[in-house]
Amino acid sequence: SFYKGNISAGIGLYTIPTVSATYAHPFTNGIIEGMASGDFIRAYEDNSDRWNTRFGFNFTYWSDIEGEVAPGTQFNVNGDYGTTSFKFFASDNPEEKRTLNYGKFEADIKNDFGKNFLFGFNLTNSVANISQEEFKENNLRLKGETLLKLSAVNVGLSVDYRNHSIKNLLGDNSGKDFFLIRPTAGLFFTKLIKGTVGWTFSRGAGETYNALYASVAIKLDKNITLFGEYAPTAEFMSPGNFVVKNNYYNVDSIGSIYWEKSNALTASVKYEFDKYFQIDGGLKYFTSDAFPYFGPSSDSGKFDLQYADMKNISPFANFLFYLGPSGELYSSVELSDVHDADGNQIPYLPAFKLNAAYSYKFENGLTSIARLDYQSNRYADIENNVSIGNYFDLGFSFIYSFQPNLDLTLDINNILNQKNYYWNGYKEVPINII
């Protein structure tokens, strides 16, 4: 059976309440979707209460692959907008309130089925503002990719344009832009080996960055694929990008943020065995002489961007096992050597991360899920004098189906009641049962 939508609601020790709803209307060659969610978290520390709302939509249409007009072309329009409201409860003024509003609108068209020509074009407009502060931004991004398949070579072109309009206490920073173009040529050495070379040119914030691009993919057999990519590039970000990640970021401190990711290299191997399991892993590496990170601010309870000359070496592995009657297991592991030129660990970046989830479905209609989110010790300053410890969140979910369209759920988060911190001073929710 296909259900067009669902509604869920719950209450917990600290989450009072949480609600969400989705709706989907499929039609010939397309689908329309809508979603909404909201929750209120009562205070577990003085002034730590917060509420969140989110609304979104999605429209997708794809033309017939065998059709006469744009065969195999997919059109998509989507967007979301929401609010999170909270207080700086770890500051000298713990009742200071911030209401952050942010969202995006996105439209794209792509065709991956053309015999000789593939393309993809995307427009994204992101917005962010804070009700109580002099901060508002509007960021436009246009991306395009094309690939022309010739008899001996594939010719590709990638283009990326971004424009920032940022208003904060620094003034009006409208018109800050970034442009990147990357032409490539791809060769098939055999049916199982493909190589691509190109050149990346970018210009932003008055800086020019050029670098070689190269990639190779080797299919050893039907189960094993090797991939390598050398893709140094420049990054162009805004205060909105950082305040969404760290809600306590001091948005008044800076305008557009430009930095370079040099010597960026990824090498990986992927192994698939029928539908039973999939494993991929490898190594990521890059250096930067001005890597942005969150550091302490003179404005109590807030964080400023600071910059480090650093390197990042990260072995990683992802596991997905379909164990049949024994359940399903997903896990990701990442080790990171993230240190600056003086050997200090970059603040808020752990040396080890682990995410895992195991689910099992009983014959009586009960499904159980065990989850683990772990990050090793992190520091709040570049001198590594202030430690915020490990992050350890063990949780369980139980879902019981009374009938095909009615479920009862029980979620237990942070069951060991650990004192977890993402950001210095801001304790996360303790054990919570919903």
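Which side chain makes a polar contact of 2.8 Å with the side chain of Glu106? The side chain of Asn122 does. A polar contact is a pair of N or O atoms within 3.5 Å; within protein, one must be able to donate a hydrogen and the other to accept it, and residues adjacent in sequence count only if both atoms are side-chain atoms.

## Basis of the report

This is a predicted model, in which local features need pLDDT of at least 70 and side-chain atom pairs count only at pLDDT 80 or more, while totals for chains, interfaces and linings use all residues. Residues are numbered from 1 along each chain as its sequence is written, and side-chain values use heavy atoms, with hydrogens and water left out.

## Overall form

Helices (H or I, at least four residues) and strands (E, at least two) are DSSP runs, numbered from the N terminus. Along its principal axes, the C-alpha trace spans about 70 × 60 × 40 Å.

Of the 434 residues, 37% are buried. Buried means under 20% relative accessible area, exposed over 50%, and partly exposed in between (1.4 Å probe, protein chains only). The chain exposes about 23,300 Å², and carbon and sulfur atoms supply 58% of this area. Accessible areas come from the Shrake-Rupley method with a 1.4 Å probe; for residues, only the protein chains shown count as cover. Among contacts with a separation of 6 or more, 50% are between residues 24 or more positions apart; contact means heavy atoms within 4.5 Å.

## Around Glu106

Glu106 lies in strand β6 (residues 97-111). Glu106 counts as buried because its relative accessibility is 18%. Besides the contact with Asn122, the side chain of Glu106 has a polar contact of 3.1 Å with the side chain of Lys104. Leaving aside residues up to four places away in sequence, Glu106 touches Asn76, Val77, Asn78, Asn122, Leu123 and Thr124.

## Salt bridges

A salt bridge is a side-chain nitrogen of Lys or Arg within 4 Å of a carboxyl oxygen of Asp or Glu. The count by this rule is eleven. One of them joins the side chains of Arg54 and Asp80, at 2.6 Å from N to O. This pair links distant parts of the chain, with Arg54 in strand β4 (residues 50-62) and Asp80 in strand β5 (residues 73-87), 26 residues apart. Asp80 is partly exposed, at 25% relative accessibility.

Lys302 forms a salt bridge with Glu96, and their closest N and O atoms are 3.3 Å apart. Lys302 lies in the loop between β17 (277-296) and β18 (303-322) and Glu96 in the loop between β5 and β6, so the bridge ties together parts that are 206 residues apart in sequence. Lys302 is buried at 7% relative accessibility, whereas Glu96 is partly exposed at 23%. Glu96, Asp299 and Lys302 are linked in a network of salt bridges. A further salt bridge, 2.6 Å from N to O, joins the side chains of Arg141 and Asp160. Arg141 is in strand β8 (residues 135-149) and Asp160 in strand β9 (residues 154-168).

## A nonpolar surface patch

Phe27, Ile32, Phe59, Tyr61 and Phe75 form a nonpolar patch on the surface, with about 390 Å² of accessible area together. Patches are made of residues with over 30% relative accessible area and no salt bridge: like charges are joined within 9 Å, nonpolar side chains (Val, Leu, Ile, Met, Phe, Trp, Tyr) within 5 Å. Phe27 belongs to strand β2 (residues 15-27) and is partly exposed, at 31% relative accessibility.

## Backbone details

Strand β2 also holds Pro17. A cis peptide bond joins Ile16 and Pro17, with omega about -5°.

Asn263 is not a glycine, yet has a positive phi of about 50°. Asn263 sits in strand β16 (residues 257-273) and is partly exposed, with a relative accessible area of 36%. Tyr348 has a positive phi near 70°. Tyr348 is in the loop between β20 (337-340) and β21 (352-361) and counts as buried, at 10% relative accessibility.
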